Amino acid sequence: MGGVTSSMAAKLAFFPPTPPSYNLVTDDSTGLLLLHPYPHRENVQILKLSTRRATEIVAMYVTYPMATSTLLYSHGNAADIGQMYELFIELSIHLKVNILGYDYSGYGQSSGKPSEQNTYADIEAAYKCLEEFYGAKQEDVILYGQSVGSGPTVDLASRLPRLKAVVLHSPISSGLRVMYPVKRTYWFDIYKNIDKIPLVKCPVLVIHGTADDVVDCSHGKQLYELCKEKYEPLWIKGGNHCNLELYPEYIKHLKKFVAYVDKPLSVRKLSRKSVDRSEPYQVTDTGIGTPRKSTSQREKPRCSVDKLKVLEFKFHSVNKFSKQKGSLDQVERSRRSVEYHLEKPRKSTSIEFDFEKARKSVDWIDRMRPGPTI
């Protein structure tokens, strides 16, 4: 029974684009593999990688000059690296990182069939390529998992203790929990991220849309709470399952995260202590959780005199001031000064943010197959 349920969950989890968005061709003059019909770029390499489960997967590697980090990207459903081609290039430029993206077994022009165990072998092959072919160190690798790609991402991250960081984009807490509101983990479930995320030792950034009708935002929030080393999450208000990249705060927050993990560990620990003293991040109109400082940490606001209540002074108080040297104007200024320091400022009731609206279209999104996917 469990095997049947697991097989059903797997069938619901994987939706490879049919037909694939690209073909593999070999350039006659250079012998290089190319993704047709996408234009060849000097900083992009197309690779074929063998996995321990006897499948051959297709990957693309984007280089950035003087990059100090490499992003290993596991994409979501109804997508292949052809559809992700332009996004990978844009992310490499904006984040100043190298990127290795790959197609799971059965996706794009990769051989085999998609399954949970095959995706684990696929990401292992991609990571091995980074280490052995490109000389990347574990401490320089950021694992990025989108939707179903959060499964192989969290699994690998739980077994690599010196990773630089992890990004979970619209992640699932487990495959079965996407379909049913179960409260416990069953042995036949797939992608048990909820059980593995506490084993991840590096900083974790969680990004999720509050209007996601495929994988509810509660999945991302639950994983965030279980992270060992939390980083300020990004809850994008109104964002759904397939459009978070269109919001300007998406790339802004990613850049902030990459800059944070690029800092020395000692500096990051100081920043971590500061975050730990603040309250949990809240969802705002822009989707960015902005912490409110605790009373003990909050700065004293500078209030203008017109915002202060006028204290009533008795007549004998004024007489007392009048005994001092100086004009009546000086007495008045002294009284106002006393009022300014004695009066308590009113608290600000709201903070409004005005962010630029998200871009309306992105080429790679247009090519994605419609319909609910994870």
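The side chains of Glu86 and Arg41 pair up in a salt bridge, at 3.4 Å from N to O; the term is used here for a side-chain nitrogen of Lys or Arg within 4 Å of a carboxyl oxygen of Asp or Glu. Buried stands for under 20% relative accessible area, exposed for over 50%, and partly exposed for in between (1.4 Å probe, protein chains only).

A note on the model: this is a predicted structure, where local features need pLDDT of at least 70 and side-chain atom pairs count only at pLDDT 80 or more, while totals for chains, interfaces and linings use all residues. Residues are numbered from 1 along each chain as its sequence is written, and side-chain values use heavy atoms, leaving out hydrogens and water.

In total, the structure has 9 salt bridges. Asp189 and Arg177 form one of them, at 3.8 Å from N to O. Here Asp189 lies in the loop between helix 5 and helix 6, and Arg177 in helix 5, 12 residues away. Asp189 is buried at 4% relative accessibility, and Arg177 is buried at 10%. Asp155 also bridges to Arg159, with their closest N and O atoms 2.8 Å apart. In that pair Asp155 is buried, at 10%, whereas Arg159 is partly exposed, at 42%. Both belong to a salt-bridge network that also takes in Arg52, Glu124 and Lys196.

As for the fold, the protein chain carries 12 helices and 11 strands, taken as DSSP runs (helices H or I, at least four residues; strands E, at least two) and numbered from the N terminus. Of its 374 residues, 48% are buried. Helix 7 (residues 217-226) buries Cys217, His219, Gly220, Leu223 and Tyr224. These residues share one side of helix 7 because they cover an arc of only 155 degrees around the axis, judged by the directions from the helix axis to the C-beta atoms. Their packing partners include strand 8 (165-169), helix 5 (175-179) and strand 9 (203-209).

Turning to the cysteines, the whole structure contains 0 disulfides, a disulfide being a pair of cysteine sulfur atoms within 2.5 Å. For Cys202, the nearest cysteine sulfur belongs to Cys227, 9.0 Å away. Cys202 is buried at 4% relative accessibility, and Cys129 is buried at 9%.

Technical notes
Contact means heavy atoms within 4.5 Å.
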